[in-house]
Amino acid sequence: MAGSQERVLRRRIRSIQSTRKTTRAMELIAASRIVRAQQRIAGGRPYVERIDSLASDLVGAPGTGHHRLIEPPDPLRRVALVVITSDRGLCGAYNIQVLRMLERVLAQHRSEGHERMLVTIGRRGQSYLRFQGYDVEHAVLGITDRPTYLDARRVADMVVGPFVDGEVDQIELISTRFVSAGTQRVEHRVVVPVPGHLGPDQQDGEDAEGRVDYDAEPSEEEILDRLLPSLIEAQLFLALLDASASEHASRQRAMKAATDNADDLVTTLRRVMNRARQDTITTEIMDIVGGAEALRQVGNGHETEPREPRSAST
């Protein structure tokens, strides 16, 4: 019995060690991808900040204060909601946190009577929303691991076009912002109308000190028509990069925890196996000692007398 238990434990230990190799490899791969994702964020952020600054300066120019990409909708009837999750699992609570934020935002819009147009990036978000019975207007799959600017432009076309045509009044984004390898935050923000830009009447104070006046040709409004979609594409691209880095960081932490748990489990099972082996050895020693004692008693004349053979006749 103890020998069979030892064999079962040995098989479990080999299985866990094999799984540990996989989780350790995934941990190292995720760690290397975090570095590359951080480099891409560092390379893309200055472009987004510069184009955002240029848009802020042009928004304050005369004749551009009523641009549709800037003015808040009145009334707000339909919202395009872009959600960035991952295509693959095994990344800890990354997707759960995004989907919790999504549920809160959907509940808020439902209570205020707003219609919604859902655009998902990543297989996990699409699967969750369809399982919950929501209609997903567009689903973009297979880009979350290494997103490109063309991917961001494709997503922007899905929502900017309906906004320009008046089908939606506002574009919102739910994604994870990468702060550091140990800190990521789920954010919900309005992308269009572009927030954070002050109108000409609001820029009379100290906020207007850093503003640059441009001589626009042909006009500020026409430049905004081209510049603001580019700003939205750049913001989506930066959000995709942040989400990709956050996914890799979450996966690296999850795989490290799985590797550590495998080590602890192997240690525990080895102790149990050693105890089972010790029980087997103890049992065998007791059998040997018992046999030796029986032989010793036979040598001292305590063996019972042999029985007389029975007669075959009756």
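This briefing covers the salt bridges and nonpolar cores of the structure above. The model is predicted. A search of the whole structure finds 16 salt bridges. The largest nonpolar core has 48 residues, and a second, separate core has 13.

- Aspartate 242 pairs with arginine 45 in a salt bridge, with the closest N and O atoms 3.7 Å apart.
- This pair links distant parts of the chain: aspartate 242 sits in helix H5 (residues 220–299) and arginine 45 in helix H1 (residues 2–59).
- The two residues are 197 residues apart.
- Aspartate 242 has 4% relative accessibility, so it counts as buried, the cut-off being under 20%.

- About one helical turn separates glutamate 247 and arginine 251, because they are 4 residues apart in helix H5.
- Glutamate 247 is buried, at 1% relative accessibility.
- Arginine 251 is buried too, with a relative accessible area of 3%.

- Arginine 177 meets glutamate 187 in a salt bridge, 4.0 Å from N to O.
- Arginine 177 lies in strand E4 (residues 170–180), while glutamate 187 lies in strand E5 (residues 183–192).
- The partners are 10 residues apart.
- Arginine 177 has a relative accessible area of 34% and is partly exposed.
- Glutamate 187 is partly exposed as well, at 24% relative accessibility.

**Salt-bridge network**

- Salt bridges join Glu6, Arg10 and Arg277 into a network.

**Largest nonpolar core**

- Nonpolar side chains tend to be buried together in soluble globular proteins.
- Leaving out residues up to four places away in sequence, isoleucine 121 touches Val82, Val83, Ile84, Thr85, Val140, Ile143, Thr144, Val155 and Leu240.

- The separate core of 13 residues includes Leu99, Met101, Leu102 and Tyr134.

Methods. Residues are numbered from 1 along each chain as its sequence is written. This is a predicted model: local features need pLDDT of at least 70, side-chain atom pairs count only at pLDDT 80 or more; totals for chains, interfaces and linings use all residues. Side-chain values use heavy atoms; hydrogens and water are left out. A salt bridge is a side-chain nitrogen of Lys or Arg within 4 Å of a carboxyl oxygen of Asp or Glu. Buried means under 20% relative accessible area, exposed over 50%, partly exposed in between (1.4 Å probe, protein chains only). A nonpolar core is a set of buried Ala, Val, Leu, Ile, Met, Phe, Trp, Tyr and Cys residues joined through side-chain atoms within 4.5 Å. Contact means heavy atoms within 4.5 Å.
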